[in-house]
Amino acid sequence: MAGTAAADPAPTAAAVASAVAETHRREWALVLAATVRVTRDLDLAEECVQDAYAKALTAWVSRGVPANPGAWLTTAAKRRALDLLRRGATLRRSLPLLVDDPVEPEPDGGPPHEAAPHEIADDRLRLIFTCCHPAIAPEARVALTLRLLCGLSTAEVARAFLVKEPTMAARITRAKKKIAAARIPYRVPPAEELPARLDAVLEVVHLLFATGHTAPAGEELVRRDLVERSLDLARMLRALLPEDAGVAGLLALILLTDARRDARVAEGGRLVLLADQDRARWDRRAIGEGIALVREALLHRPPGRFALMAAIAAVHAEAPTWQETDWREVVALYDLLVQIWPSPVVALNRAVAVGFADGPDAGLAALDALAAEPQLAGYGYLAGARADFLRRLGRTAAAQAAYREALLLTENTIERDFLAGRLRQLGG
Amino acid sequence: MCKVYVLLSIRARVDRRYSRRPARAGRDGKDMDMAQYAILIYEEEPYWADAGQEVFDRTMKEHAAFAEEHASVLRGGSALQSTATATSVRKDPSGGFAVTDGAFAETKEALNGYYIVEAADLDEAVAVAKRVPARSGGVEVRPVMVLG
């Protein structure tokens with residue numbers, strides 16, 4: 001089998017298990033995407049890939065971990081698929097075949113040849129563009145991406161989004177059924193559709209990151225697993241689409257934001273604000289990589305949403321202290337961002353930056369201009385930001401009221417603890 | 001306004017073109033596997049009740065142009081009269097039928113016409129759907145079930 005050059009002739013079962021787990025994390029998308037090309041059926045492809053991973057657990061103990069585990073698994077999964085297809089063991093299949101470009105026929109009817117690297121890349125893109133197709137409901141896009149690109153089980157996907165497993169299973173099944181029945185193609189979109197379709201993909205990856213970075217509810221502030229998955233996906237896209245400024249911007253944003261992870265949560269899980277973080281604990285390697293990517297992404301005109309968000313994160317990353325933050329630059333970047341992404345949440349962040357550039361009075365005025373935004377009603381961060389400006393202006397009673405309002409609107413335990421702490425400091 | 005909303009002349013045009021179904025060649029030279037989709041047109045009936053003859057005529061021209069442009073993939077289509085003319089027929093618990101005035105569901109937008117198109121995949125079908133001259137509502141793309 002291709003790529004079976006053993007690195008270690010007699011690895012222990014534990015070493016193999018860990019190699020398989022590592023390969024599961026790194027190569028799942030590659031193996032599945034290539035296998036779907038053979039099966040043209042997502043469920044069958046998943047079964048064959050799972051089977052290949054199970055085989056690896058024993059085969060790699062006796063024959064050693066192959067030099068290219070992804071290629072070994074791909075070959076094994078494709079063989080299994082061809083075997084099942086030949087034996088007609090898939091007649092029970094209820095869904096129509098995926099619409100796909102024709103696969104080059106195998107010269108001798110034998111197992112598929114090893115795909116050239118560009119073909120592999122292409123298959124992973126097919127898979128992610130299919131998972132993030134606009135005809136699939138947004139929450140199902142995220143679920144499918146975690147399941148098919150990251151190889152998470154339905155139970156794990158359900159946990160990630162705090163929904164019950166049967167609910168998530170139904171959501172995934174329904175989406176797969178739609179892909180097959182409505183013939184959502186297993187294909188990379190043509191050039192004229194690519195920008196809009198890629199935006200949908202980046203949106204999904206960003207949502208995964210945002211959900212992981214500040215879990216909307218629950219005991220943990222950060223869902224490390226989701227952050228790692230979003231980083232893996234962004235890196236995969238970067239490797240597959242190295243010229244794309246949007247991809248560079250998103251990867252930069254994730255790196256620069258996540259670089260603060262160790263400084264962001266104190267002992268006992270307490271939230272530490274950017275202003276109070278120990279900047280020595282920021283991940284300088286991630287920051288260096290992120291800044292290089294931001295510079296690249298900003299060369300694209302006009303700069304995209306993620307590139308501008310990353311640029312804001314870069315300004316913070318480059319400031320030696322909170323006091324030395326270049327708030328004028330931050331406000332200017334928010335001004336650009338609000339033009340291409342006119343969201344009330346961006347406007348809120350801009351207002352906060354104005355407060356630091358021009359003082360709490362100016363910040364409060366900018367926030368009050370947003371008070372009528374229906375989308376911000378019920379948004380805890382607006383009340384939280386008002387509370388902070390009022391506190392700094394010494395308007396204690398109004399600040400207490402705003403902290404109480406923010407508390408009512410926040411479900412993350414760690415954020416709640418922070419707000420309650422501030423309220424206590426004000427004697428409320 | 002008691003008349004057909006849109007698509008009036010489409011049926012004849014479509015029927016005329018049945019025989020011109022093209023053989024679409026795939027990369028391997030064989031006919032590509034095609035599917036049919038229904039493009040269901042949902043529009044706001046009050047809009048059409050208030051729209052004058054001039055808007056109606058203009059819409060008809062747009063549908064005719066659409067049919068012309070997409071003749072090679074159109075496999076059928078009709079306009080429907082308003083839900084004011086609809087009759088619902090349901091089985092009733094006693095084993096008979098309840099025949100009532102009106103549409104099955106009262107919704108803001110009502111089905112008032114459809115096309116059947118042939119497409120290789122959903123992306124192709126949606127591309128055609130975007131060109132349907134729906135004036136007040138929008139269209140829904142549904143794969144046609146293949147039986148047997």
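**Figure 1. Strand β5 of chain B and its neighbours.** Five bridges tie strand β2 (residues 74–79) of chain B to β5(B), and the two run antiparallel. This is a predicted model, in which local features need pLDDT of at least 70 and side-chain atom pairs count only at pLDDT 80 or more, while totals for chains, interfaces and linings use all residues. Residues are numbered from 1 along each chain as its sequence is written, chains are lettered from A and ligands numbered from 1 in the order in which they are written. Strands (E, at least two residues) and helices (H or I, at least four) are DSSP runs numbered from the N terminus, and two strands pair if DSSP finds at least two bridges between them. Strand β5 (residues 109–119) of chain B has eight of its 11 residues buried, so it is largely enclosed by the rest of the structure. "Buried" means 20 or more other C-beta atoms within 10 Å of a residue's own, "exposed" means 12 or fewer, and "partly exposed" is in between, with C-beta atoms placed from the backbone.

**Figure 2. B:V141 and what it touches.** This valine belongs to strand β6 (residues 138–143) of chain B. B:V141 has 19 other C-beta atoms within 10 Å, which is why it counts as partly exposed. Leaving out residues up to four places away in sequence, B:V141 touches B:Y37, B:I39, B:A125, B:V126 and B:A129; a contact means C-beta atoms, placed from the backbone, within 7 Å. As for B:G95, 46 residues away along the chain, its C-alpha atom is 35 Å from that of B:V141. Zooming out, chain B has four helices and six strands, in the order α-β-α-α-β-β-β-β-α-β.

Figure 3. Chain A has 19 helices and zero strands. Helix α9 (residues 224–240) of chain A has 17 residues and reaches 24 Å from its first C-alpha to its last, close to the 24 Å expected; the expected span is 1.5 Å times one less than the number of residues. Its buried residues include A:L226, A:L233 and A:L237. Helix α10 (residues 245–258) of chain A has 14 residues and should span 20 Å at 1.5 Å a residue, which agrees with the 20 Å between its end C-alpha atoms. α10(A) is mostly covered, with 14 of its 14 residues buried.

**Figure 4. The largest nonpolar core.** A nonpolar core is a set of buried Ala, Val, Leu, Ile, Met, Phe, Trp, Tyr and Cys residues joined through C-beta atoms within 7 Å. The largest one has 144 residues, and those with the most contacts inside it are A:L32, A:A252, A:L256, A:A310 and B:I39. Helix α1 (residues 13–39) of chain A gives the most to this core, 11 residues. At least three core residues come from each of domain 1 (1–89) and domain 2 (326–428) of chain A, with bounds taken from an automatic or database domain assignment. The C-alpha centres of these two domains lie 51 Å apart. Looking in on A:A310, the residues it touches are A:G249, A:A252, A:L253, A:L256, A:G290, A:V294 and A:A297, not counting residues up to four places away in sequence.

Technical notes: Two residues are in contact if their C-beta atoms, placed from the backbone, lie within 7 Å.
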